[in-house]
Amino acid sequence: MRSIIEFFANRTMGFKLIVVFLLVILIPMTLLAYMSYRVIDSRLMKDADERIGFGLKSAWTEYYVRGEQMRYGMLQAASMEEIKGAIKRRDSRYLKQMMTRWKQMRPYVDIWEVTDENGDVIARLNSDQTGDRLEFNGMVFAAIDNGEPKISTELLGKDLLRREGKVLSELNAVPDGNGPEKQTPASGESSVMALMVVTPVMDDGHRPLGSIITGDILNNDNYIPDTVAYRNQGLFTTVSVDGLRIASNVIDGNGENARWTRLDGEDLYRIKNAKFSKSEWSLSGMTYISIFEPIKDFKGRVIGSLDVGISKEKVWALQRENQWVIALITVVGLSVSLLVAFISTYRITRPLKALKEKLGAFAGGDMDARVEVSEDPDSKDEIRSLARTFNHMMDEVGRREEDKQRYLRETEERSREVIALNDELKKTNEELEVAYEETQSQTEELHAINEELKLLNEDLDRKNAELKKANLIITLEEEELKRAKNKLRLIYDSIRDYILLVDYDSRILEANRYFFEKFRMNEPDAVGKNAYSFFGMEVQARACPVRKAIDSMSPVEIEKTTPDGKVFTLHAFPLLGDEASRNAVVYIRDITEQRLLAHRLIQSDKLSSLGELVSGVAHELNNPLTGIMCFSELLMEHNIGDDVKSKIAKINDASLRCKKIIDNLLTFARWKRPEKRFEDVNKIVKQSLDLRGYQLRMDNIEVVLDLDESIPQTMLDENQIHQVFLNLINNARDAVLEKGRGGTIKISSRHSSGRIIVKFDDSGIGMSQHVANRIFDPFFTTKGVGRGTGLGLSISYGIVNEHGGNIYASSAPGIGTTFVVELPVVERADAEEEEKVNSGVAASERLKAMAKGRRALVVDDEAIVLDLLCYTLNDTGFLVDRSVSGEDALVKLKENSYDLIISDIKMPGLGGIGFYREVASIRPEAIKKIIFISGDSVNRETREFLSEAGNLSLKKPFTVDQLNKIVSRLITQETAAE
């Protein structure tokens, strides 16, 4: 390197300039070519990756669109009662006809099969073979067990294809006339892949009946490649099975489709290991860049791949054009550089040679040496400037010699002037000695003045001592005042309400710490602002409590409700003792929670009072309703005409409907003891949503589920909680539809602090605070006439409270509403299994066998109920005595012995409770044979008596089957005791 530098340094200026010009052009052009290649290559690769990635997403979308189309279509088919009935009957002919219709609507679906609940084929569209069992890697059983459709890609075996007919059994064969690179599937290898959908068919009880299986065979089906190519020009898509391309729109260098060719070994290895793969690959002279992703079956095994790619030759054509352009520019630049270098070298070196000769003459002593140069002062040529500088230098050398002689003459004159100045200095020193003597006399006078100042300083020290003592006393007093002030400030800032110092116009002058913490601001940000603005209040000047307090010089108290529903009490206290002061202290307290608590207590009291009223009405209705229900049942058992039986059935249905209405009213009245079992709250949420899921989809309402699967089970009445959830879902739907078609309902569940919390959020119209305060009131509704009874939320309120939980709501107009249901988590405890009694005809026959020859006493003041009990018991074999009062029943009990006593609780005179106590005194052994009936179970006295006595009881209205069951249970207990 050093020898090269020395060689270059010893060359002529012309040689150096030519080399520099060449390097200045060659090096930047080389760097430009390299950087251009790298930038374009990187950009082309990035663009290719983005296009391929987007194309792959599009391919997967089209891939699963087929499955979703089949799933949605078959979900509608699975809900048809005709299909359910055909599967139950195993009617293969009807099912095949339906599959033919479905095939016409979805011609792309190749496989159509219907199975029973065990996966055995009932009917096929493509052939008449049935009875074989389908599994598809457990996909069929998973769909039937879970009750939800399953979508997966599966390889179809040769046996299944043969059962589907000749057309499908030949799908894994390669057509004749393909190129040498195309390969036939190996012997025993299944290369037929299909997108399969299994849709379960469930009965009304959500029990599996069977399934509908549909499949789209991907072999020789270019729907996905062609769709991706149509939407993304220039992209190629391929579906492969075990490395063999079964569907593709890739065209090789010979112009042939790449179907039935194999993937590269490295790509196949990555796919089989379920890995993402991006690579370049070649086929018949064409190079492609592709992204490969594996396709898995239902068990998660890799069975194929989906890849999207782009032709590298077409993308990289721009790179080659760029390289040619840069090379051409480099050659032209080098040619121009050489020409400029030769011309510049001649123009620069010629003046330098002339300057060199003149410098040699100056070194030899020639003081008149000059260089001929243009006298243009505006010329920027450095060589000309150097020549003019040389000429100026020679002129300056001549001027310096003249200045030297002139300086020597001036030096002699200055020496003479200095001698004259020394003489004048001597005279000045003599004058200074005289001034010194005068200064000494003035110093003596200053000493006398200093003595007087010392005396004054002593007086000043005494005054300073007195001031220090006074300052100490003032400091102690200030510290005491500071401690008192800090104590008052601590109390001031510890109060958890708002305390403000305001002026006459209610502008804030000072505030306690709680105010700044609550509104998250510093004191400078709040000072000077209107105090009411922080609480969302608008107070007129004449109603301002601050002004009233200052004007009257007495405290003023008001209560204010803000537009967002918050309630505040304001106490204004004027500052006393300074007549010029126009300030006041304002104490503000948020009492919103207290108001809500008081409202809830009033609500509970209203519900309790209304419950007593409802129970009385229910009691009056239960007796005649019991007769209507039971006598209609008994009439339908007789051999009467179908027309009469139909009318009686309508009477019975209407009476059952009345019974449900009464049950709902009594549920609202909070008396009914729930039939609790350990249940999963999430399951009840899903079941409630299933009932309204179809309607919500039709209304374009999106349902978002966020259920915590780890929440524990708890004791609850499934039917009642189901009723609460369904009511909240219906209310949310109505709110969303009232705002406009389309919206969102979000249902979430969480477990926190021993409680299960279920939230129902909707994007509906919301409600005002006034409406929110009344939503749980009985018969209060915002719906139009005929659309709502106003009992739904009241009943829900009663059900949740009976379960020991809580239900509340929050809402804002135009934003939406949130309902929250909280239920306690009750731990599982051992309990005796309830005795199960056979129902229907078997229970009736069993009772007749046990009742034959036994005696029964029936006590009731209602004639219709008394007739019903006597008729039913006589029909089962009892010898029945009847009484219309407790007193009459006691007389008969003294005279006879009975195996069964049925007594109403509420009767004029003695009543059921008094009758029980009299029986306990005269015949204690008979009290266990009493069955009580009542239509007034809401009464606290009645509930406490039934709990204390422990006897069997039956609530009006009841059915004949319910009466037979409880009588059979009592007779069974007596028989076991004997």
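# Reading rings, charges and surface

Colleague: How many aromatic pairs does a search of the whole structure find?

Modeller: A search of the whole structure turns up 21 aromatic pairs. Rings of Phe, Tyr and Trp (its six-membered ring) count as a pair if their centres lie within 6.5 Å; planes under 30 degrees apart are called stacked, over 60 edge-to-face, and the rest tilted. Before we go on: this is a predicted model, where local features need pLDDT of at least 70 and side-chain atom pairs count only at pLDDT 80 or more, while totals for chains, interfaces and linings use all residues. Residues are numbered from 1 along each chain as its sequence is written, and side-chain values use heavy atoms, with hydrogens and water left out.

Colleague: How is a ring pair described?

Modeller: You give the distance of the centres and the angle of the planes. Take Trp102 and Trp112: their ring centres are 6.2 Å apart and their planes are at 35 degrees, so the pair is tilted. Trp102 is in helix H4 (residues 92–105) and Trp112 in strand E1 (residues 111–116), 10 residues apart, and the pair links distant parts of the chain. Helices (H or I, at least four residues) and strands (E, at least two) are DSSP runs, numbered from the N terminus.

Colleague: Is Trp112 buried or exposed?

Modeller: Buried means under 20% relative accessible area, exposed means over 50%, and partly exposed is in between (1.4 Å probe, protein chains only). Trp112 has 0% relative accessibility, so it counts as buried. Trp102 has 6%, so it counts as buried too.

Colleague: Which residues form one aromatic cluster?

Modeller: Look for Tyr498, Tyr514, Phe515, Phe516, Phe519, Phe534, Phe535 and Phe568.

Colleague: Where does the charged end of Arg582 sit?

Modeller: Over the ring of Tyr504, 4.4 Å from its centre. The rule asks for NZ of Lys or CZ of Arg within 6 Å of the ring centre and within 35 degrees of the ring normal. Arg66 is another case, lying over the face of Tyr108 at 4.2 Å from the ring centre.

Colleague: What can side chains of opposite charge do when their charged atoms come close?

Modeller: They can pair. The rule for a salt bridge is a side-chain nitrogen of Lys or Arg within 4 Å of a carboxyl oxygen of Asp or Glu, and by this rule the count comes to 33. One of them joins Asp204 to Lys84, with the closest N and O atoms 3.8 Å apart. Asp204 lies in the loop between strand E4 (193–202) and strand E5 (208–217), and Lys84 in helix H3 (residues 81–89), so the pair ties together parts that are 120 residues apart in sequence. Asp204 is exposed at 70% relative accessibility, whereas Lys84 is buried at 10%.

Colleague: How far apart are the closest N and O atoms of Lys96 and Asp128?

Modeller: In that salt bridge they are 2.4 Å apart. Lys96 is in helix H4 and Asp128 in the loop between strand E2 (121–124) and helix H5 (139–146), 32 residues apart. Lys96 is partly exposed at 24%, and Asp128 is exposed at 66%.

Colleague: Which residues are linked in a network of salt bridges?

Modeller: Glu113, Arg124, Asp132, Arg163 and Glu164.

Colleague: Which residues make the nonpolar surface patch?

Modeller: Leu328, Val332, Val336 and Val340 make this patch of about 340 Å². Patches are made of residues with over 30% relative accessible area and no salt bridge: like charges are joined within 9 Å, nonpolar side chains (Val, Leu, Ile, Met, Phe, Trp, Tyr) within 5 Å. Accessible areas come from the Shrake-Rupley method with a 1.4 Å probe, and for residues only the protein chains shown count as cover. Val332 is in helix H11 (residues 317–363) and is partly exposed at 46%.
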